[in-house]
Amino acid sequence: LSLDSASDVTSVGEACDCDLDAVEVVSYDDMALDEDVYGFTIKSFIRDCYILEVNKDNCESTCGRVARLSGSFLLLGIHILIQVTLIVATKYFVCAKAVWSIRNAYDAFEWHMYGEDESHMYRA
């Protein structure tokens, strides 16, 4: 949420139906976040917590803000769960097959290089 001009401050005041005289307004340069779930969650957390803190008495907007905060963190949790599931599935379904085929190829190589002598071979 960027507060670069007086019109931005007014729009924030209109958005939260609060008294701007009682609020300390700080101007800062808006940091560009990545356009992904993490950036959305960070922006939503900062913006909604600020407006919830400024507008403690208005119950109508509080429910919507809390719902949006909960939804953004739920979306983030689902996103992380999908990533972990993909990593685990890759480990079991892709890497296991590759390791098995490499071990078989190396066994054949070792058998050929050491002249079919099992005293030089090591089974893991």
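Helices (H or I, at least four residues) and strands (E, at least two) are DSSP runs, numbered from the N terminus. By that definition the chain holds three helices and zero strands, and its elements run α-α-α from the N terminus on.

This is a predicted model, in which local features need pLDDT of at least 70 and side-chain atom pairs count only at pLDDT 80 or more, while totals for chains, interfaces and linings use all residues. Residues are numbered from 1 along each chain as its sequence is written, and side-chain values use heavy atoms, with hydrogens and water left out.

**Confidence and overall make-up**

The predictor's confidence in each residue is given as pLDDT, from 0 to 100; the mean for the chain is 77, and 75% of its residues reach 70 or more. Of the contacts in the chain with a separation of 6 or more, 50% come from residues 24 or more positions apart. Buried residues (under 20% relative accessible area, with exposed meaning over 50% and partly exposed in between, for a 1.4 Å probe and protein chains only) make up 16% of the 124 residues in the chain.

**Helix H3**

Helix H3 covers residues 59-113, and its 55 residues should span 81 Å at 1.5 Å a residue, which agrees with the 78 Å between its end C-alpha atoms; the expected span is 1.5 Å times one less than the number of residues. H3 bends by about 35° at cysteine 95, the bend being the angle between axes fitted to the seven residues ending there and the seven starting there. Buried residues in H3 are Arg65, Leu69, Ser72, Leu76 and Glu110. Isoleucine 80, also found in H3, is partly exposed, with a relative accessible area of 38%, and its C-alpha atom is separated by 9.7 Å from that of valine 37, 43 residues apart along the chain. H3 is followed by glycine 115, whose phi is positive, near 65°.

**Aromatic rings**

Rings of Phe, Tyr and Trp (its six-membered ring) pair if their centres lie within 6.5 Å, and planes under 30 degrees apart count as stacked, over 60 as edge-to-face and the rest as tilted.

| Pair | Centre to centre | Angle between planes | Type |
|---|---|---|---|
| Phenylalanine 45 and phenylalanine 73 | 5.9 Å | 85° | edge-to-face |
| Tyrosine 106 and phenylalanine 109 | 5.7 Å | 40° | tilted |

Phenylalanine 45 lies in helix H2 (residues 37-54) and phenylalanine 73 in helix H3, so their pair ties together parts that are 28 residues apart in sequence. Phenylalanine 45 counts as partly exposed at 42% relative accessibility, and phenylalanine 73 is partly exposed with a relative accessible area of 41%.

Tyrosine 106 and phenylalanine 109 are three residues apart in helix H3, and therefore about one helical turn separates them. An α-helix has 3.6 residues a turn, so residues three or four places apart point the same way. Tyrosine 106 counts as partly exposed at 45% relative accessibility, as does phenylalanine 109 at 44%.

The charged end of lysine 91 sits over the ring of tyrosine 92, 5.5 Å from its centre; this term requires NZ of Lys or CZ of Arg within 6 Å of the ring centre and within 35 degrees of the ring normal.

Note on methods: Contact = heavy atoms within 4.5 Å.
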